[in-house]
Amino acid sequence: MTPSRLWAFSAVARSGSAEKAAHDLGVSEAAVSLQVGRIRTFFGDPLFSPSAAGLVFTPGGLRLAGRAADMLELHDRTLSEVTRARGGERLLRVAASSLFDDYTALGLIE
C-alpha cells in the first residue's frame, strides 16, 4: 500500500466520488480509479460501493477511511523530520502530565 494509493482512497472517501477526488488531488479521474483499484486488490475488499445516497463502505472500508488520515499525517511528518535531520536539526520530544505542563513546562522551555 503506497501513499499515493492511500491519498486517492482518502480523497474518494472524503469527497464521495472519484471525479471530485481527482479534482481535489489535481489528477485525472482514471488515475484515482487506478490507485483505488490497486488498494482494493491489496486488501481483497471492495472497500465501498456507490449508491444513490453516496458511498456505502464495507466494514474494512470504514476502518481504512478512519485510519487513512492518521497514516498520511504520520507519513508526511516522517518525511519532514528525516529531511530536517539530514540538515543537522535535532528533535526533542517531551512527554509531561497536564499538571507539570500548567506549572513548570513554560519556565523550562523559556
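This is a dialogue on how to read some features of a predicted model.

Visitor: How many aromatic pairs does the structure hold?

Guide: Rings of Phe, Tyr and Trp (its six-membered ring) pair if their centres lie within 6.5 Å; planes under 30 degrees apart count as stacked, over 60 as edge-to-face and the rest as tilted. The structure holds 4 aromatic pairs. One of them is the tilted pair of Phe9 and Phe48, with 6.0 Å centre to centre and 40 degrees between the planes.

Visitor: Which parts does the pair of Phe9 and Phe48 tie together?

Guide: Helices (H or I, at least four residues) and strands (E, at least two) are DSSP runs, numbered from the N terminus. Phe9 lies in helix 1 (residues 3-15) and Phe48 in strand 1 (residues 48-51), so the pair ties together parts that are 39 residues apart in sequence. Phe9, Phe48 and Phe57 form one aromatic cluster.

Visitor: Are Phe9 and Phe48 buried or exposed?

Guide: Buried means under 20% relative accessible area, exposed over 50%, and partly exposed in between (1.4 Å probe, protein chains only). Both Phe9 and Phe48 are buried.

Visitor: What sits over the ring of Phe48?

Guide: A charge sits over a ring if NZ of Lys or CZ of Arg is within 6 Å of the ring centre and within 35 degrees of the ring normal. Here the charged end of Arg40 sits over the ring of Phe48, at 4.3 Å from its centre.

Visitor: Where is Leu47?

Guide: Leu47 belongs to the loop between helix 3 (29-43) and strand 1. With a relative accessible area of 1%, Leu47 is buried. Leu47 also has a positive phi of about 70 degrees, although it is not a glycine.

Visitor: Which side chain does Thr58 join in a polar contact?

Guide: A polar contact is a pair of N or O atoms within 3.5 Å; within protein, one must be able to donate a hydrogen and the other to accept it, and residues adjacent in sequence count only if both atoms are side-chain atoms. The side chains of Thr58 and Asp45 are joined by such a contact of 2.9 Å. Thr58 is in the loop between strand 2 (54-57) and helix 4 (59-86), and counts as buried at 19% relative accessibility.

Visitor: How many salt bridges does a search of the whole structure find?

Guide: A salt bridge is a side-chain nitrogen of Lys or Arg within 4 Å of a carboxyl oxygen of Asp or Glu. The search finds 2 salt bridges. Arg77 forms one with Glu73, the closest N and O atoms being 3.4 Å apart, and Arg77 meets Glu81 in a salt bridge of 3.9 Å, N to O.

Visitor: What separates Arg77 and Glu73 along helix 4?

Guide: Arg77 and Glu73 are 4 residues apart in helix 4, so about one helical turn separates them. Arg77 is partly exposed at 35% relative accessibility, and Glu73 is partly exposed at 41%.

Key
Residues numbered from 1 in each chain as written. Predicted model: local features only at pLDDT ≥ 70, side-chain atom pairs only at ≥ 80, totals over all residues. Heavy atoms only, no water.
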